[in-house]
Amino acid sequence: MNVRNTGIVYTQSAKCRDCYRCLRVCPVGAIGIRDGQAYIDDDKCIKCGTCIRECPQKAKTYRKDLDDARTLLASGKVVAASIAPSFAAAYPGWMTERVPSALRMLGFSYVLETSDGARLTAEATVEKAKYQKCGGICTACPAVVNYTEKYKPDMIDKLIKVVSPMIAHARQIKRSFGSDCKVIFIGPCVAKKSEAERKEYEGVVDVVLTFEELDEWLKHEKIDLRNMPESGFESFDGCCDARLFPIPGGMLRTGGVENDGTIMNVMHASGSESVMEMFSLSEENWNFSLIEPLFCREGCINGPAIGTKANIYERRNNVIKYAARERNLNKTIEPVSVSLFTEYSADPPLAGPGYSEDEIMEVYSRTGKTSDEFQLNCGACGFSSCRKMAIAVLEGNAEIDMCMPYMRRMAESRKDLIIETSPNGIVILDERLTISSMNPAFRKNFLCSDAVLGRKISYLMDDIGFEKVASGSEEKYESVIEFNGAKYHQLVYRLGDAHYVGIFSDISRIRLNENVLDELRHQTAEKAGELLKHQLDMAEKVAMLLGESTAKSEELLERLMGK
Amino acid sequence: MKMKKRIYIDNIETTVNDERNLLEVIRAAGIDIPTFCYHSEISIYGACRLCMVEVDGKGLVPSCSTIPEDGMRVRTNTAEIRKMRKMIVELTLASHDMSCPTCAKSADCKLQDLARRMGVDEVRFKKRAPKKPIDRASESLVRDPNKCVLCGDCVRVCDEVQGIGAIDFAFRGSESTVTPCFGKNLDKVECVYCGQCVRVCPTGAILPKSHISEVWEAINDPELTVVAQLAPAVRVAIGESFGLEPGTNSTGQIVAALRKMGFDKVYDTSFAADLTIMEETNEFLGRIENGNKMPMFTSCCPGWVKFAEQYYPEYLDNISTCASPQQMFGSLCKKTYQRSGASSAEKLRVVSIMPCTAKKFEAARPEFTKEYGRDVDYVLTTRELALMIEESGLRFPSLAPDSFDMPFGFKTGGGVIFGSSGGVTEAVLRYAVEKVTGETNFGYVFESVRGNKGIKSAIVDLSGNKLRFGIVMGLGNARKLMESIKSGEEHYDFVEVMACPGGCVGGGGQPVPENMETTVRRSRGLYENDRMLQLHKSQENPYVSELYDKLLVSPNSHMAHELLHTSYKPRQRTEGDDVSILSGQADDRTEITFCFGTGCFVKGAQELLKETVDFIREADIADSFDIKATFCHENCSRGPVVDYDGEMIEKCTFDKIVSRMSAVRAGKE
């Protein structure tokens, strides 16, 4: 297997739009933000592929190994395909019986169902569990194994030391067809790519592809399942129950273990939350003899690379239907026995440098969270707590402007600031041309107090400009008015459907030639108008847009204030 | 290196590659010159004149029979040429019955297409000839002389490719017509119903006999159970009727369509082909073991079987007694339905879907008619099925694929490649090698028996026994091979014959192919299909094994013979009354009948007749004789054969006749 620079799961930076969704969904907090882009720490990543499934921009992806597969087949070697049982969910109905044909069309010499291996795994697991004193966790799911090894070193001994169906099957294949026979595993799972690369499995599985990759391959070769004849697999024992492996409880069923969900010491759990909850069970409460965890919710049929968008329970039904079907098109081959035992060990701990409370407090202070009441732990940044985020900032895996409440406060305070500090008088009227708000400059220049709120503008000044804009006869009205001995440039325009804005700039003391004056007037009026409109809109917008709008108002503010 | 010739077509310089005539060069250059009578695989006839082009210095010439010369300047589209082509089509239409809307060939018809292309919007000539009778007498083909444009394609393909000559031109000038001998119908002559004439006919003058309405009727009858069997070659060709590429595998769509149309079950003839391999290979190995006369000929092609019955009766014992897969299926299906109580044989209708027109004839053979009726009730050709699908309003290419019913829907690759020339041999080898050597771990591909050659040979070493396999496509080639076997020039142990070019994929019931490349692509489709299956050797078919366990006991068992084997008998090429040559007036006359069958004819029957008649006339005893010619006394190997008043004189000579006459006279006196 080639060694590559990127990890198995990574971000295509061109597509990442820093929405932080991956940070929020990553069950182990392996994702951070650097330079505005989501970044996966390969050492922390358990390859579960949750981020791939969840990324709205499809920016999360995994290492594609199609070229390796093509090269292998082009080399003229005998290559066998081991296809995961969830293929019945990925290729339901009439497609199921046409998948083996398509694989042979691609050049595979043998096409087999991994469920053959799953049967061996299930039987060995149940057998092994009997002698495992501290209660056994099944190890068919590589994400569960990765999780345990990286984050639950105390639980390592609970893992049942049996290989996964993929490994068991690949060994069966090589035993049966000769060690020269290469094996390409095809499944819905990204973590299988990491499993195949484990040192102890060297030379067992030669390439791991996903169903998505298979789809791409078929498309490239112009192989249409529609035009494939129905056909079967080469099969060691006719699979049957083992075809239920990709749905929760399927392994226990294959192993003949009773499991109806109400039995004290036998359980299945699926989805990262359930699995992690199970792992966090205290030692004294751990009473399982056999537990079947699948890291993806509802099992492998929801694997990140399954390549179908069908309803998850429809997928489940398709798997059950396939397992129950009576048609047997398979070619039976002599079963062989293979070694099914393996070892699991804890990864070296991921020790961060460790940060002092002062350092964390410093980050808090930069985000205005020094007091507990501002530490909302809202998770909007993608980190589950403010503290975790602060640590990530210190590690260089997060940036402070990822904190939404902080950014919102920033934006709002600036909006107020602009209006409050503007040297121009600003007044906002409602659709009946009554005053709904005004800024200090307006109060000062037009000698009024909050008492005028709710009064017609005509109470203060000639309202011709407002009337014209309100009647629609003019879009924007500009004039010069005099009030209390001062000259003001007046700009009136409509704001949204039901508001009118008047901006009054004092021009009596400006001694500039008319051209410069015009220019200035124009610019001032425009900027002020734009700003106001922008800010009113902004107040209605969701937090998602805060970053952008803040930046914009800041820029405008700076230009207005001549900083 | 020799410089390639260059010519100018409509002022565009073009290189002449290996094209044989100007027409091919022009077509290769992308200009579709219209023709009726040009087919690359048969001789050039030059009758239709549609391919006329103008060559500088030569004037108008038929491009099909003009050799391209270096520097030639050709114009293909002058006003004169256009006018002439249009006139030819108009004149052709004048002697055509123009019944397009009711013609089964409509939309596939070259005449219709050319009339459209040439912009013929009026036929100014009145029809003069009275309507000729339509020949519906055979089981397979319908001949409508009113639609014939006298291009002679059918005549030439029958003679040149198939070596039969069942039809030819008769009469002259405006009376010209294409007809079987003596104006007989096709059921009474040497036609083997291969349908190659259908394949080349540009109009609807020869078409397969349709079973469409009978099949609909059966489907609509609630009393009946109707099952379909699908021949391998159909699945890689029917797509062409719906705009798919030749060789595209449409099995799933066909099964889906058949179900939607109302068939109760859909099975695969390839299952029966696997069964055929079991029976035929065992028969073959048994023949070797017992030192029987070799070679053994295959029997799955009904065109070939009738051909052999007519021309090589002395080899009938060499033909495998296995019924064809179509018939094995029919017989087996009726038997098992009856046994399981699924349906009585009387209420079961077996419809086969075949690339072949001769299969209609085969299904009607008396050998395959039992007390409950036929084993195979109806035979639809690929094109008929396409029509039924269209009639049903199904959008074929977008149908979600469906799968065959079990158990007769399960096949191995061996049963699928049956549809290609060499396929039967290869499937036999896949079993024979295992059976003889005991080896199971060998590749299933036998490249030496594949390919598009008319006659292929392969030597296969089976445990030290070097066996010669011959593979023939096209009956003309079959005749060549038979003659070489007969003369002792060649020796074979096993000979596979398929009447059609390319094998069943090139059958007369298939969509009309554009060229031979189409057939090659269909063949490739079948081999791909084989490759995609999990099993390739017929003996590995678990349902075939189950069938032996439950019903047939073992290959070539008594039960297998009863259900799956058949027999052959010599067949007159031309049936019907004898032809009277000379009729005497005397009351007491001697009747001498000369066999004019091919065998006797080539051995001098005609000279013998002439000598005899001359002798009788000279001796002035003509009144005492009735001299007749007949077609075949079915004793071809000992010809010429003469029936002298009820007594057969084999290897007859003039002297034998004269001495017979003397003896009779002496006896009387």
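Predicted model: local features only at pLDDT ≥ 70, side-chain atom pairs only at ≥ 80, totals over all residues.
Which strands of chain B does helix α21 lie across, and at about what angle does it run to β21(B)? Helix α21 of chain B, which covers residues 605-618, lies across β20, β21 and β22 of that chain, with β22 taking in residues 625-630, and the helix runs at about 155° to β21(B).

Those strands belong to an open sheet of five in chain B, and if you trace across it, the order is β20-β22-β21-β23-β24, with mixed pairing. The edges of the sheet are formed by β20, residues 579-583, and by β24, residues 647-649, each of which pairs on one side only. From one strand to the next, the twist averages 20°. Within the sheet, β21, at residues 590-595 of chain B, and β23, at residues 642-644, are joined in the antiparallel sense over three bridges, and one residue pair to look for is Thr593(B), whose bridge partner in β23(B) is Asp643(B).

Let me now turn to chain A and to strand β5, residues 79-83, which is mostly covered, five of its five residues being buried. Val79(A), Ala81(A) and Ile83(A) point one way from the strand, whereas Ala80(A) and Ser82(A) point the other way, and every one of these residues is buried. As for its partners, β5(A) runs parallel to strand β8 of chain A, residues 182-187, and five bridges join the two; there, Val79(A) has Lys182(A) as its bridge partner. Strand β6 of chain A, residues 110-113, also runs parallel to β5(A) and is joined to it by four bridges, with Ser82(A) standing opposite Leu112(A).

Finally, the nonpolar cores. Which residues touch the most other members of the largest core? They are Cys154(B) and Trp304(B), out of the 286 residues that this core contains, and its largest share, eight residues, comes from helix α9 of chain B, residues 269-289. If we set aside the neighbours of Cys154(B) within four places in sequence, this cysteine is in contact with Ile167(B), Val178(B), Cys197(B), Val200(B), Cys201(B) and Ile206(B). There is also a second, separate core, of 23 residues, and among them are Ile418(A), Val427(A), Ile435(A) and Ala528(A).

How values were computed: Residues numbered from 1 in each chain as written. Chains lettered and ligands numbered in written order. Pairing = 2+ DSSP bridges. Axes fitted to C-alpha atoms, helices over the stretch in contact; angles between N-to-C directions. Contact = placed C-beta atoms within 7 Å. Buried ≥ 20, exposed ≤ 12 C-beta atoms within 10 Å, placed from the backbone. Core = buried A, V, L, I, M, F, W, Y, C linked by C-beta atoms within 7 Å.
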